[in-house]
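Student: I have a model open and want to go through its packing and its charged pairs. Can we start with the charged pairs?
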Amino acid sequence: MKTIGIIGGMSWESTVPYYRDLNELVKRRLGGLHSAKVVLYSMDFAEVARMQSEGAWDESAALMAHAARSLQAAGAEVVLLATNTMHEVAHAIEATITVPFIHIADPTGEAIRAAALATVGLLGTRFTMERDFYRVRLAERHGVAVVTPAEADRAEVHRIIYEELALGVISERSRGTFTAIIERLAGAGAQGVILGCTEIPLLVRQQDSPLPLFDTGALHVHAAVDF
């Protein structure tokens, strides 16, 4: 069994499901007392969030690259970045390690194609929704078109992620807000919705959505265990 390296802690609330799901999936596939071999480098999210808000992407790229090198030095044979937003600097990770890096958008794009969907909504931080790194990869590598919410909805999704979900706060009101936003994405032509922030599945479940949901964290975990 290979050792999986995780760059996590962004936030730790969503890193916990990564660790749990990796172990549960390995147990289901191999049985008995088997569990995943995992090395975790957990960030101080306050430091990363500051870099995001300041637009200090070069600084954050250096931080992520250091974490990836540390994981490889600790024996990781594949590396995951357990956050969608910081894939903005995935190139810095790929350039600094010699072991494979599984980009979170790739298993997501493959799942969307397998579902025979052409256009999906994207929910995440404002960085993920508004910057090009995510939508371009989905379009160029997987032929998937992305629509995002209107500006006010993007702002509310971003607020809920940082002010509630990253702090472990689960609100029925916010769940209703997400459902309403998903309904508006359906009206804009979305056939499914990417939960493009690893905290969102802590709040939004399939029963809360009129459209199929694609849980990026869960798909990332499955890709790692397949590897």
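Tutor: A term to begin with: a salt bridge here is a side-chain nitrogen of Lys or Arg within 4 Å of a carboxyl oxygen of Asp or Glu. Keep in mind that this is a predicted model.

Student: How many salt bridges does the structure hold?
Tutor: The count is 14. One of them joins the side chains of Asp106 and Arg137, with N to O at 2.9 Å. That pair links distant parts of the chain, since Asp106 sits in helix 5 and Arg137 in helix 7, 31 residues apart.

Student: Asp106 and Arg137, buried or exposed?
Tutor: Asp106 is buried, and Arg137 is buried as well.

Student: And Glu130, which side chain does it meet in a salt bridge?
Tutor: Arg154, at 3.0 Å from N to O.

Student: Is Glu130 buried, partly exposed or exposed?
Tutor: Glu130 is partly exposed, at 39% relative accessible area. Arg154 has 18%, and the cut-off for buried is under 20%, so Arg154 counts as buried.

Student: What does Asp153 form a salt bridge with?
Tutor: Arg184, where the closest N and O atoms are 2.9 Å apart. Asp153 is buried at 14% relative accessible area, while Arg184 is partly exposed at 46%.

Student: Changing topic. In the largest nonpolar core, which residues touch the most other members?
Tutor: Ile4, Leu22, Ile112, Val120, Tyr134, Leu138 and Ile194, out of 29 residues in that core. The elements giving two or more residues to this core are strands 1 (3-8), 3 (78-81) and 5 (119-123), together with helices 1 (12-30), 5 (105-114), 7 (133-142) and 10 (216-226).

Student: Take Ile4. What is it in contact with, leaving aside neighbours within four places in sequence?
Tutor: Ile4 is in contact with Leu22, Lys37, Val38, Val39, Ala76, Val78, Leu80 and Ala224.

Student: How many residues are in the other core?
Tutor: There are 27 in the core that lies apart from this one, among them Trp57, Leu81, Ile93 and Ile97.

Student: What do nonpolar side chains tend to do in soluble globular proteins?
Tutor: They tend to be buried together.

Notes: Residues numbered from 1 in each chain as written. Predicted model: local features only at pLDDT ≥ 70, side-chain atom pairs only at ≥ 80, totals over all residues. Heavy atoms only, no water. Core = buried A, V, L, I, M, F, W, Y, C linked by side-chain atoms within 4.5 Å. Buried < 20%, exposed > 50% of the residue type's maximum accessible area, 1.4 Å probe, protein only. Helix = DSSP H or I, 4+ residues; strand = E, 2+ residues; numbered from the N terminus. Contact = heavy atoms within 4.5 Å.
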